[in-house]
Amino acid sequence: MLNFINEYKDIIVNVVSIISIALFLLSVQFKKKKDILIVQTLSSICYMIVYAILGALSGCIIELVEQSKNLVFIGYEKKNKEIPLYALLVFIFMLVIITIFTYDGWNSAIPLAIYILYFLSSYFKNPKHIRTTMILCAMIWMVYNYTIGAKLMIIGNVLEIISAIVSLIRYDMRLEKKKSTKKKQTEKKTKKGTK
């Protein structure tokens with residue numbers, strides 16, 4: 001099995017990376033937070049496989065923390081319970097510890113900041129926070145990827161921004177418009193009823 005992985009390493013890494021990116025882009029197209037987190041967990045598993053093949057231990061550990069956080073948060077979502085603040089803080093603390101032990105210059109702090117933003121956005125009930133944070137984080141990833149020479153990854157970041165904007169329009173802006181229209185209709189009915 002190891003011979004197969006070594007022989008086809010580049011192909012496996014590219015295919016699994018594409019699957020991971022596709023899942024991450026797809027994740028925000030779901031309406032419910034629970035579904036978003038489930039698909040992001042699958043994406044994270046793919047990223048972890050890529051990092052394992054490439055020998056990137058810190059990437060594997062961070063993805064494991066991401067998956068654990070998602071599974072805990074999904075559990076609270078299924079029970080329709082509020083996620084306790086201490087759960088969020090424990091996962092952020094784990095990220096900080098990982099970053100301290102794997103610190104390799106200021107560039108090491110950028111992924112930490114991005115993951116903290118992701119963790120914060122998934123803490124809140126409204127999936128709109130996940131979508132808007134995805135836009136912000138993709139912009140930060142673009143800068144990071146440019147500075148480390150991963151110019152091809154910038155294309156993935158642009159696709160993340162587009163996917164998040166599409167989902168904001170599909171779910172959040174349409175919902176706001178429906179609420180506004182309903183409110184106006186209710187006000188009209190109220191005005192007619194008082195005349």
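Mentor: Happy to! Let's start at K33, which forms a salt bridge with E77, their closest N and O atoms lying 3.2 Å apart (a salt bridge being a side-chain nitrogen of Lys or Arg within 4 Å of a carboxyl oxygen of Asp or Glu). This pair links distant parts of the chain: K33 sits in helix α3 (residues 33-54) and E77 in helix α4 (residues 57-78), 44 residues apart. The structure holds five salt bridges. Keep in mind that this is a predicted model, in which local features need pLDDT of at least 70 and side-chain atom pairs count only at pLDDT 80 or more, while totals for chains, interfaces and linings use all residues. Residues are numbered from 1 along each chain as its sequence is written, and side-chain values use heavy atoms, with hydrogens and water left out.

Now for the setting. The protein chain has eight helices and zero strands (DSSP runs numbered from the N terminus, with at least four residues of H or I for a helix and at least two of E for a strand). Read from the N terminus, its elements run α-α-α-α-α-α-α-α. The C-alpha trace spans about 80 × 35 × 35 Å along its principal axes.

On the α4 side the contact (heavy atoms within 4.5 Å) is made by I62, E63, V65, E66, K69 and F73, and on the α6 side by Y115, F119, S122 and Y123. Those residues divide into six nonpolar, one polar and three charged (Ala, Val, Leu, Ile, Met, Phe, Trp, Tyr, Cys and Pro count as nonpolar, Asp, Glu, Lys and Arg as charged, and the others, Gly among them, as polar).

Helix α6 (residues 109-123) also meets helix α5 (residues 85-101): their axes come within 10 Å and cross at roughly 170 degrees. So α5 and α6 are roughly antiparallel, the term for angles over 145. Here α5 brings L85, L88, F91, I92, L95, V96 and T99, and α6 brings L112, Y115, I116, F119, L120 and Y123. This contact comprises 12 nonpolar residues, one polar and no charged.

Note on methods: Axes are lines fitted to C-alpha atoms, for helices over the stretch in contact, and angles run from 0 to 180 degrees between N-to-C directions. Angles under 35 degrees count as roughly parallel, over 145 as roughly antiparallel, 65 to 115 as roughly perpendicular and the rest as oblique.
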